[in-house]
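Work through the following exercises with the sequence and the model at hand. Each task is followed by a solution in steps.

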Amino acid sequence: WPSGRAVVLRHDTQVELGAPGRPSSLLLAWSDAPGEVAPGRVRLQGPDLHELPESSAPLGVVLLAEGERPERYEAHTTLRDALLGLTPRGVMVRHLPSQRGVWLRVGQAAMTDGFNAAALGGALVRAAMERPGVRAAEVLLVTGGPEEVQALEPAADRTRALAEALFRMEHGALEMACEACDFEALCDAEEELRQAHRRLTGG
């Protein structure tokens, strides 16, 4: 699908996914093990864009990458920037940190030209492959009912908590005394997070 930055206004919109007020979830994850990520695979759970029963629907996006994972917070920003860099022609893509999801607005012209889930997933795979260290990427798109998108939330919440903890480590805002930190339980469950904390504190 060709690139071309677009601002799609409401009156030019044919399909909207993950809009404010609708369930929307974003999960970004790395694998260190070769072969766990199928290069270029795009999977769809739910109807394709032209089959949606309504013009507005929930949206879940899972981006899996395999490769040389950057250290600490860059592991999150590398994949987040792949999403933020998406510019499919006739399609507006917005990241909604406050709602912890993705908002996609597809214009009438793009739908007429055949934009679909495969085009969206393919664009995201290509964007991920352009990021440093990524050797393979695959995407899962969820366009089913609200409960299917919301089923992603436990895993998405955990990755967001890890990203926030790493961000605060990077910027010196994380408590160095574990008993005073609101991420203590998360560190207790994640060995790599404890290792990162020890490296930063010299402990």
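A salt bridge is a side-chain nitrogen of Lys or Arg within 4 Å of a carboxyl oxygen of Asp or Glu. This is a predicted model, in which local features need pLDDT of at least 70 and side-chain atom pairs count only at pLDDT 80 or more, while totals for chains, interfaces and linings use all residues. Residues are numbered from 1 along each chain as its sequence is written, and side-chain values use heavy atoms, with hydrogens and water left out.

**Exercise 1. Characterise the salt bridge between Glu16 and Arg105.**

Step 1. The side chains of Glu16 and Arg105 meet at 3.0 Å, N to O. This is a contact in a structure where the search finds 8 salt bridges.

Step 2. Locate the partners, taking helices (H or I, at least four residues) and strands (E, at least two) as DSSP runs numbered from the N terminus. Glu16 belongs to strand 1 and Arg105 to strand 7, 89 residues apart.

Step 3. Classify the accessibility: buried means under 20% relative accessible area, exposed over 50%, and partly exposed in between (1.4 Å probe, protein chains only). Glu16 has 9% relative accessibility, so Glu16 counts as buried. Arg105 is buried as well, because its relative accessible area is 8%.

**Exercise 2. Describe the surroundings of strand 1: which strands pair with strand 1, and in which sense?**

Step 1. Two strands pair if DSSP finds at least two bridges between them.

Step 2. With strand 7 (residues 101–107), strand 1 pairs in the antiparallel sense over 4 bridges. Within this pairing, Leu17 has Leu104 as its bridge partner.

Step 3. With strand 4 (residues 56–57), strand 1 pairs in the parallel sense over 2 bridges. Here Ser56 is the bridge partner of Glu16.

Step 4. Strand 1 is mostly covered, with 4 of its 5 residues buried.

**Exercise 3. How many aromatic pairs does the structure hold, and what is the geometry?**

Step 1. Rings of Phe, Tyr and Trp (its six-membered ring) pair if their centres lie within 6.5 Å; planes under 30 degrees apart count as stacked, over 60 as edge-to-face and the rest as tilted.

Step 2. The structure holds 1 aromatic pair. Trp1 and Phe115 lie 5.1 Å apart, centre to centre, with 75° between the planes, and the pair is edge-to-face.

Step 3. Trp1 is in the segment before strand 1 (13–17) and Phe115 in the loop between helix 2 (108–112) and helix 3 (117–129), 114 residues apart.

Step 4. Trp1 counts as partly exposed at 27% relative accessibility, whereas Phe115 counts as buried at 2%.
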